[in-house]
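Dear colleague,

I am handing over the structure below, and after it you will find an account of what was found in it. Please read the two together.

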Amino acid sequence: MRVLVLTGAGVSAESGIPTFRGKDGYWRNLDPAKLATPEAFASDPKLVWEWYRERRQRIRNAQPNAAHEAIAKLATHAEEFLLVTQNVDDLHARSGIEKENMVQIHGDIFVTLCSRCHFSYRERDRESPEIPRCPECEALMRPGVVWFGEQLSRNELEPIENFLDGGVCDVVIVAGTTATFGYIIDWAIRASRGGGELIEVNPEETPLSQFAARLVREPAAIALPRIVDTIVNS
Ligand code: OAD
């Protein structure tokens with residue numbers, strides 16, 4: 001069986017990580033969709049770092065939930081499997097998905113990256129002081145994530161293209177994302193074209209809903225264990 005899973009912030013919501021949109025996503029009355037931008041960093045890097053440090057800490061303290069675990073179970077069951085996540089947290093990885101079966105298209109929140117020379121390091125267990133400076137070129141360091149208006153990295157796109165070129169999927173699951181980025185919809189349609197079942201798991205309607213064969217309007221941690229058990233036992 002060949003399976004593609006695409007996830008967004010909704011999958012980590014039940015681990016206590018706020019999603020980007022909706023009132024729960026607001027931080028100190030600020031809209032994350034405006035904070036996660038190169039413009040916000042240019043005008044107030046301290047504020048942007050404060051927000052990311054809080055999110056990092058929340059993620060360190062969080063645990064994978066039943067949705068992450070169900071996806072990891074599906075990964076072991078399928079002959080060919082790829083998870084493409086927009087989430088920058090490490091909850092999928094901590095649920096046991098192998099590195100080669102997963103792509104974090106929006107980066108890794110624990111990476112600190114030079115805004116000029118691209119020197120980077122990972123800070124999983126400890127934080128730099130206030131606003132980190134690059135040890136190589138002295139420029140400001142930034143979180144190593146993809147911000148609104150920035151390009152996806154080629155390194156991340158390549159395994160996705162390879163997987164999509166490898167054939168139609170039997171099942172495509174899109175869970176916990178507003179699917180505002182066109183590439184999420186494109187990949188889901190491409191992977192299921194020609195017979196694969198496209199399943200959306202999201203309590204709310206999204207731009208992807210019209211293309212899905214099955215709409216599961218429930219929280220991911222409730223719906224995914226059931227969906228995965230049905231697939232694994234069929
Ligand atoms: P959003 O915050 O836009 O959307 C979260 C989605 O999850 C919404 O569609 C909710 O209806 C749904 N949702 C909420 N709780 C859920 C639950 N318990 N189970 C299932 N679904 C639930 O997050 P994304 O779509 O991931 O990008 O956002 C995409 C990107 O926008 C993020 O990766 C980030 C953000 O800005 C960048 O930083 C570039």
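**Surface and overall form**

The chain has an accessible surface of about 11400 Å², and 49% of that area belongs to carbon and sulfur atoms; such areas come from the Shrake-Rupley method with a 1.4 Å probe, and for residues only the protein chains shown count as cover. Please bear in mind that this is a predicted model, in which local features need pLDDT of at least 70 and side-chain atom pairs count only at pLDDT 80 or more, while totals for chains, interfaces and linings use all residues. Residues are numbered from 1 along each chain as its sequence is written, and side-chain values use heavy atoms, with hydrogens and water left out.

The C-alpha trace spans about 55 × 35 × 30 Å along its principal axes. The radius of gyration, taken over C-alpha atoms, is 18 Å, which agrees with the value near 17 Å that a compact globule of 234 residues would have, the globule rule being 2.2 Å times the number of residues to the power 0.38. Of the 234 residues, 51% count as buried, where buried means under 20% relative accessible area, exposed over 50%, and partly exposed in between (1.4 Å probe, protein chains only).

The chain holds nine helices and nine strands, which are DSSP runs numbered from the N terminus (helices H or I, at least four residues; strands E, at least two). In helix H8, which covers residues 182-192, the buried residues are Ile184, Ile185, Trp187, Ala188, Ala191 and Ser192. These residues cover an arc of only 165° around the axis, which puts them on the same side of H8, the arc being that of the directions from the helix axis to the C-beta atoms. They pack against strands S1 (2-7), S2 (80-85), S7 (171-175) and S8 (197-201), as well as against helix H7 (154-165). Just after H8, glycine 194 takes a positive phi of about 95°.

**Two partly exposed residues**

Glutamate 150, in the loop between strand S6 (141-145) and H7, counts as partly exposed at 27% relative accessibility. Leaving aside neighbours within four places in sequence, glutamate 150 is in contact (heavy atoms within 4.5 Å) with Pro38, Arg142 and Val145.

Alanine 13, which lies in helix H1 (residues 10-13), is also partly exposed, with a relative accessible area of 35%.

With kind regards
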